[in-house]
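Have a look at the model, try each task, then check the worked solution.

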Amino acid sequence: MKLTEVRTPAYVIDEKKLRENLEILDRVQKESGAKILLAQKAYSVYQTYPLIAKYLTGATASGLYEARLAHEELKVREGIENHVYEPAFEDDEMAELCQICDHIVFNSLNQLEHHRKTWEQPVREGKISVGLRINPEFSTQEEHEIYDPCSEGSRLGIKLADMPAELPEGVEGIHFHTLCEQDFEPLRQTFHHVEENFGRFFPLKNEGQEPSGDMAVNGAGRKIKWINLGGGHHITREDYNVDGLITFIKEIKSKYDMEVYLEPGEAIALDAGYLVTTVMDIVHTQRMPVLVLDTSAACHMPDVLEMPYRPPLRDSEQPGELEFNYRLSSRTCLAGDVIGDYSFVHEINIGDKLIFEDMAIYSMVKNNTFNGMPLPDIDIMHENGEVEVIKKFGYQDFKMRL
Ligand SMILES: Cc1ncc(COP(=O)(O)O)c(C=O)c1O
């Protein structure tokens, strides 16, 4: 089956593009010494995890379910790492996470201490490593305020004023996440800001660290063993400064004796998926004809409304640029369920298939069945162009959640 022959609506993962992204990320790992994790919140098509496991160091989870998914589906080889960070963990979750994860990041000192009784022993035994998320209080973008963890009043991460003079006993890592779809320069600026404020916890090379895992002797002047620079790095975007990132990480690693992690989500599956849809009806309005599609922004691509943005559509241009102009909308009842305005060289007819680009990320992980809308199939387009259906959904998927 070819891409244009699939049953719609359908998300189609492009395996070739995914592999090409992974190859870029692997080069960053190999040349810089950084370890790269898949942030599953952006992309969790676990049927492709064996491919991802060939290249990346592991995954990070936003909670127990994603952590379980990586534990079950990504740990296909020795050494795959399973990290987790969540603003607040439940007690039961923490017990299980200590079994299936190797790195656990806490959002506050309260959370760290609340769960100490559960994580302390596995840390002592060297089975897991615990870190703290800090809030650098350093915003580098205003475009997407909803995705700015450094905005005023943010609950995400410990601010400098709340950080103790010494790292709490047992803590071995620092995590920050502040970027969103950004290039390397904002990361460099953020790191230098973090270094100025939290650098006292970074182990300078040749400083004479205590042996790892021994919390008793690793007392005053306690240093971290790893730093996680979060996600939001658009490393696989065509114009990203990959060499700048590699050089920068090498500089960090030559100055400090610590592992450097990156946990991008988008970069893993950027441009590696499509949402194929069919035109069901055309409604003529005073402004322009509206295409009623069998997909929905609200249900199948919520970021279009939340971020908001206008997704790229194959063989189309900005409105007004080409002869035939349409508003692309959905068959839900929500008046604002509009994907955007587009223009085409030819007229669009009922029954035509349209292909939204860059739909692998933050789509399947966020979709919903509002209005009882069916969930799109999930398909994989293999390297030879053949499309395979891997998941179909039906009425039960709608009913079971209610
Ligand atoms: C803590 C954390 N890590 C990683 C990511 C992944 O970010 P992105 O998909 O933008 O690379 C996010 C996104 O929200 C996040 O909150």
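Two rings of Phe, Tyr or Trp (for Trp, its six-membered ring) pair if their centres lie within 6.5 Å; planes under 30 degrees apart count as stacked, over 60 as edge-to-face and the rest as tilted. Keep in mind that this is a predicted model.

**Exercise 1.** Search the whole structure for aromatic pairs, and classify the pair of F89 and F106.

*Solution.* The search turns up ten aromatic pairs. For F89 and F106, start with the distance: the centres are 5.6 Å apart, and the cut-off is 6.5 Å, so they pair. Next comes the angle: 80 degrees between the planes is over 60, so the pair is edge-to-face. Last, burial: F89 has a relative accessible area of 4%, so it is buried. F106 counts as buried too, because its relative accessibility is 0%.

**Exercise 2.** Which residues do ring pairs link into a cluster, and which ring does the charged end of R310 sit over?

*Solution.* Follow the ring pairs and you collect F184, F191, F202, F248 and Y256. Then turn to the arginines. The charged end of R310 sits over the ring of Y342, 4.0 Å from its centre. R314 lies over the face of Y274, at 5.1 Å from the ring centre.

**Exercise 3.** Is A360 buried or exposed, and what is it in contact with beyond four places in sequence?

*Solution.* First find A360 in the loop between β14 (353-356) and β15 (377-381). Its relative accessibility is 2%; buried means under 20%, so A360 counts as buried. Then list the contacts: leaving aside neighbours within four places in sequence, A360 touches I13, A42, Y43, A269, A272 and G273. For a distance check, take T278, 82 residues away along the chain: the C-alpha atoms of A360 and T278 are separated by 18 Å.

Methods: Residues are numbered from 1 along each chain as its sequence is written. This is a predicted model: local features need pLDDT of at least 70, side-chain atom pairs count only at pLDDT 80 or more; totals for chains, interfaces and linings use all residues. Side-chain values use heavy atoms; hydrogens and water are left out. Helices (H or I, at least four residues) and strands (E, at least two) are DSSP runs, numbered from the N terminus. Buried means under 20% relative accessible area, exposed over 50%, partly exposed in between (1.4 Å probe, protein chains only). Contact means heavy atoms within 4.5 Å. A charge sits over a ring if NZ of Lys or CZ of Arg is within 6 Å of the ring centre and within 35 degrees of the ring normal.
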